[in-house]
Amino acid sequence: MKLEGKVAIVTGGGQGIGAGIVRCLAEEGADIAIVDLREETAGEIVKEVEALGRKAIAVHADATDSGQVTEAVRKVVDAFGKIDILVNNVGGGGARIKRTIPKEELTGLRCVDSEEEAWDKIMDLNAKSQFLMCRAVVPHLLKQKDGKIVNIGSRLARQVDISLSIYCTAKAAVIQYTNHLALELAPHGINVNCVCPGDVMTPNIEAAFARVAETNPDSKGKTPEELFLQVAGPRMAFNRIQTPEDMGRATVFLASEDARTITGQALYVDGGQTFL
Amino acid sequence: MKLKDKVAIVTGGGQGIGRGIVECLAEEGADIAILTKSGDSGVKAAEEIAEMGRKALPIKADVTDSNQVDRAIKEAMDTFGKIDILVNTVGAGSVDIAPFIKLDESIWDRNYALNVKSQVFTCKAVVPHFIERGYGKIVNLSSIGGKRASAMNAPYGATKAGVIYFTKALAAELGSHHINVNCICPGGVYTPTFAALIEKHMIRPDAKAKGMTGRDFFDKFIVPGSPMKREITPRDIGRSVVFLVSEDARNITGQTLNITAGAAIEID
């Protein structure tokens, strides 16, 4: 096992890609602290990790709130005595922002017509959360002169999707923050890298495709897998489902001594979506 | 073990980075055909791999000659019955350092043959077998010199950049056959080739370095010069190769992974 005796924090580890990362880290021997807003789902993943014979706790915190982040990291150190690995996985597109711009002021340009609240929320969720977590955790890594940080980016960090301009911009920020932190922490023996997922079949995406199959006549009778490949397949070199565990295994590699001289890198785990 | 019952071909596996890759693949359970130009270093590497309980086959071949490559791949197939992994390690070494206007055609040809054509030939010989099986892993060694421009080193940099493009083009074409093709760009790794470069281009012109060995110079100036101040070893490259050819990286293709201890961080 590559991570025996290590303690890892995974933000948003209670579901989706984060839960896949947690499972893979725990399979390699790490004890896990899940920092997450949703206590119920985080609690379920804690039980899964414990069943593997590892220690795990769920800490309720909003990773975009500096006070809550500081308190969460204190709780992790109280519980485990140290931190070795930080995986900044929290992120998202900031769905359901209320529209307030009057119709007559809209330009019809999606990059321009966004609500200010959407910009702030998406930047906070994807970029600021990583800064706040690093600010709270890095002093502990500096004490050990050792540590691994893996920030979760996205294929959209370098691809253009007009309908997701704020999200793409925030994920590009993740890559530059990773580079800067990597360079600054390199002399301290701390590796900082980024995993950039392509389209991933998370349980939420699977459920969404299942709903599409029920409600959309064109998709009737199709499985979520078939619909995933219909949407994402043409963009990929591999016509293959990607799972949260694919992201987890790449995270394990970057958090292990196998990658001891790799830092400041963005590893695209995307079935070939970004280079084509 | 991640590579039990897999068969790997490693070109240039007798020394330097290739040797580290061979060791790491064997530790994870792979049997290995080691292609070397001299033959001797391959025999020695194969003996050590056999001691680890793996099968190892040294094959003497100049990989810049397509006939020799075809013969070598046939010998590997006859011995092992299949190939799962191809690691293209042979390269020119960053040794032809000179002003552009003084580089004659033979230097360009040498770099093109060793850095690019060697990989094209081995891939051409192995890929039909991969396509037939709908499975295969290819890792091509490029260099951070193929991404970051440096003066007086155009033939090496241009041909290593060629490796990166070749990797992506092949990945795009072979994805539908479930074949992963990736690339590694190492920074400075202490190998016999790099030692020769250090002695010729760094120690000899530098009065302060008089009497130093290549290893002394590497330890004193090159390792501390990297942001992590950490030596990049052939085994570091080998561990990344293991990751890329294992099922852990089943959805990674067309990528170039920099292993530089923090050097050239800003370069994708």
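1. **Ground rules.** Residues are numbered from 1 along each chain as its sequence is written, and chains are lettered from A and ligands numbered from 1 in the order in which they are written. Since this is a predicted model, local features need pLDDT of at least 70 and side-chain atom pairs count only at pLDDT 80 or more, while totals for chains, interfaces and linings use all residues. Helices (H or I, at least four residues) and strands (E, at least two) are DSSP runs, numbered from the N terminus.

2. **The sheet of chain A.** Chain A has an open sheet of seven strands in the order β3-β2-β1-β4-β5-β6-β7, with parallel pairing. Two strands pair if DSSP finds at least two bridges between them. At the edges are β3 (56-60) and β7 (266-269) of chain A, each of which pairs on one side only. From one strand to the next, the twist averages 20°; axes are lines fitted to C-alpha atoms, for helices over the stretch in contact, and angles run from 0 to 180 degrees between N-to-C directions. Strand β2 (residues 31-36) of chain A runs parallel to β3(A) and is joined to it by five bridges. If you want to find this pairing on screen, Ala33(A) has Ile57(A) as its bridge partner in β3(A). Helix α8 (residues 244-255) of chain A packs on the sheet, where it touches β4 (85-88), β5 (147-152), β6 (190-197) and β7 of chain A. The direction of α8(A) makes about 165° with that of β6(A).

3. **A helix pair in chain A.** Two packed helices are described by the angle between their axes and the distance between the axes. Helix α3 (residues 66-80) and helix α4 (residues 116-144) of chain A pack at about 35°, with axes 9 Å apart. Contact here means C-beta atoms, placed from the backbone, within 7 Å. By class, the contact has seven nonpolar, three polar and no charged residues. Ala, Val, Leu, Ile, Met, Phe, Trp, Tyr, Cys and Pro count as nonpolar, Asp, Glu, Lys and Arg as charged, and the others, Gly among them, as polar.

4. **The sheet of chain B.** Chain B also holds an open sheet of seven strands, ordered β3-β2-β1-β4-β5-β6-β7 with parallel pairing. Its edge strands are β3 and β7 of chain B, and the twist averages 15° from one strand to the next. Helix α4 (residues 105-133) of chain B packs on this sheet, touching β1 (7-11), β4 (85-88), β5 and β6 of chain B. Helix α8(B) packs on the sheet too, and touches β4, β5, β6 and β7 of chain B.

5. Six bridges pair β5(B) with β6(B) in the parallel sense, and Gly136(B) stands opposite Ile179(B). The chain passes from β5(B) through α5(B) to β6(B) in a right-handed β-α-β crossover (with the strands pointing away from the viewer, the path from the first strand over the helix to the second runs clockwise).

6. Most residues other than glycine have a negative phi, and most peptide bonds are trans. Met152(B), in the loop between β5 (136-141) and α5 of chain B, has a positive phi of about 65°. Met152(B) counts as partly exposed because it has 14 C-beta neighbours inside 10 Å. His178(B), in the loop between α5 and β6 (179-186) of chain B, has a positive phi near 60°.

7. **Where the chains meet.** In the interface, 29 residues of chain B are in contact with 29 residues of chain A. On the chain B side, α5 (154-174), α8 (234-245) and β7 (256-259) each give two or more residues. The largest share, four residues, comes from α8(B).

How values were computed:
Two residues are in contact if their C-beta atoms, placed from the backbone, lie within 7 Å. A residue is buried if 20 or more other C-beta atoms lie within 10 Å of its own, exposed if 12 or fewer, and partly exposed in between; C-beta atoms are placed from the backbone.
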